[in-house]
Every structure is written in structure tokens, then in C-alpha cells.
Amino acid sequence: ALLAAAQSGEVDAALVRELSTKRQAEASGLKVATYTTNGVESLTLRNTRGQLGDPRVRQALAHAVDREGVGNGFFEGDCIPSDRLFPEGSPLYAPGATVYPYDPARTAELLQQAGVTGLTLDIYTNGTAAGVELAEILQYQLGEAGVRATVVQRTGPESQTAFADGEADSRQQVPVMPPHPVQALDLWFMPEGKWKLAGPELESSGLGALRQQLSDPSLSEDR
């Protein structure tokens, strides 16, 4: 409806988020401007599901994804490849964090070290055309690395609930980061949050202490 309104001249501009809509707009001759958000296209893994509990397995999956290829191909250069959840400039940005570059051979090595053969993975997606297409690209890349992935199409709320409740191996999603780092920690990692990604190692990870530190009221709301 927004695209049709822009094409007919009913509106001067329209904000759209679907990649397929952007392509249609460009094909119809409309001028398309892109902008950067703090949303993160991610394949989020549930580390309490079976073999995903082994860090080597999660690292292997990280090595199987070609972020540069996805950013330049599927997103046509409009997505900045990232190997961290929180962007540079965030108080939660980790400049010294270990990164896992695209390396399918390393995927095979890590799975062998973990004693894992025939790894399977369910990828829950929100059912939008772009979401399904991206999940299928991830499915292909994982398959090239020897991992048999299955794309599970659900509505956004359904896939969100399945992942939050621990019923899904992974979820392809585009969460927008809250403005304050404490809100981000609560959303992603804390036991009472939506995603609960920290798992049983929460206390030893130091996230609780970090949350207390970031709760300092002297931190501005826009950090």
C-alpha cells in the first residue's frame, strides 16, 4: 500500500523495510534512499538445545556464514557485515572479542573436535519474503559446510515465542537495539529477558557485574 501510494503520487515519501519492496520501488523508477539503523540481522542460536550447548559447535556455525557475501549480495551492499552483536560506539562493544571469519574448513575441524557428525539445525524465520529468502541463503551456506539446516516458517510472534521458550534451535531475526545498554543486556542475556542467551554460565561471565556498572545513572540515555 505504501509503495502504491508513492507510485501514484498520493504521498511524497514512504518508509519501507522489506527488501522486496525496495527492489520494486527501484524497478518502477522511484528514487530510493537508504539509512543506517542499529538493527542487527542475525542467526541467533539457542545454546541450551542439544549439541548447540558445546561452544565449539556454535563457533563452527559462525565460521560457516559468509557475512561479506550476504551483505554484498542479498543486501546489495546496504548491510554492513558485523561479527559482533553490539556496534562500535556502544558501551557493550567488544573491540578485543574473538571473531570467527568465514571458513567452512574450520567448521569441519571444529565439528570433528566436538565429535559431532550429521549436525542438523532448525532455522525459524518470521515468514516475510525477505526473511525466508535470507534464511534459505543461510541454509545453503550451512549445507556447504556439512550442516543440514531446515527453514521453519512461522509468523513473527510464533517464531519469537518458540525461540524464547527454547523450542527452536535458532532464529533469523532483526532486533533493534534498545537505546540504553542495560536495556540491551536485559533483552538479550538476563534470565528475565526475552532471549535469555547467557545460559547457565551467566554468573561466571561477569554480565551481572557489567549490568550493575552500566546502571550508573551518570550514563546518558543515548549511550
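This is a predicted model: local features need pLDDT of at least 70, side-chain atom pairs count only at pLDDT 80 or more; totals for chains, interfaces and linings use all residues.
As background, strands of a sheet pair through backbone hydrogen bonds, in either a parallel or an antiparallel way. Here, β2 (residues 120-125) and β4 (residues 170-173) go together in the parallel sense, over 2 bridges. Tyr124 is found opposite Arg171 in β4.

Helix α8 (residues 181-188) is largely enclosed by the rest of the structure, because 7 of its 8 residues are buried. Those buried residues are Pro181, Val182, Ala184, Leu185, Asp186, Leu187 and Trp188. They pack against β1, β4 and α10 (207-214).

Arg46 belongs to the loop between β1 (42-45) and α3 (55-63).

Elsewhere, charged side chains do pair up: the structure holds 9 salt bridges. One of them joins Glu76 to Lys22, with the closest N and O atoms 3.1 Å apart. Glu76 is in the loop between α4 (67-72) and α5 (104-113) while Lys22 is in helix α2, so this pair ties together parts that are 54 residues apart in sequence. Lys22 counts as buried, at 12% relative accessibility, whereas Glu76 counts as partly exposed, at 37%. Glu76 has another partner in Arg23, again with the closest N and O atoms 3.1 Å apart. This pair, too, links distant parts of the chain, with Arg23 in helix α2 and Glu76 in the loop between α4 and α5, 53 residues apart. Arg23 is partly exposed, its relative accessible area being 29%.

A salt bridge can also stay within one helix. The side chains of Arg106 and Glu109 meet at 3.1 Å, N to O, and both residues lie in helix α5, 3 residues apart, or about one turn of the helix. Both are partly exposed, with relative accessible areas of 28% for Arg106 and 40% for Glu109. Stepping back, salt bridges that share partners join Lys22, Arg23, Glu26, Glu76, Asp78 and Glu133 into one network.

The count of aromatic pairs comes to 1. It is formed by Phe74 and Phe75, edge-to-face, with 4.8 Å from centre to centre and 85° between the planes. Phe74 is buried at a relative accessible area of 7%, and Phe75 is buried at 12%.

Finally, back to the start of the chain. Val11 has its place in the loop between α1 (2-8) and α2 (19-27). With a relative accessible area of 30%, Val11 is partly exposed, and it touches Ala5 and Ala6, residues up to four places away in sequence not being counted. Thr21 lies in helix α2 and counts as buried at 18% relative accessibility. Its contacts, apart from neighbours within four places in sequence, are Leu3 and Val16.

Notes
Residues are numbered from 1 along each chain as its sequence is written. Side-chain values use heavy atoms; hydrogens and water are left out. Helices (H or I, at least four residues) and strands (E, at least two) are DSSP runs, numbered from the N terminus. Two strands pair if DSSP finds at least two bridges between them. Buried means under 20% relative accessible area, exposed over 50%, partly exposed in between (1.4 Å probe, protein chains only). Contact means heavy atoms within 4.5 Å. Rings of Phe, Tyr and Trp (its six-membered ring) pair if their centres lie within 6.5 Å; planes under 30 degrees apart count as stacked, over 60 as edge-to-face and the rest as tilted. A salt bridge is a side-chain nitrogen of Lys or Arg within 4 Å of a carboxyl oxygen of Asp or Glu.
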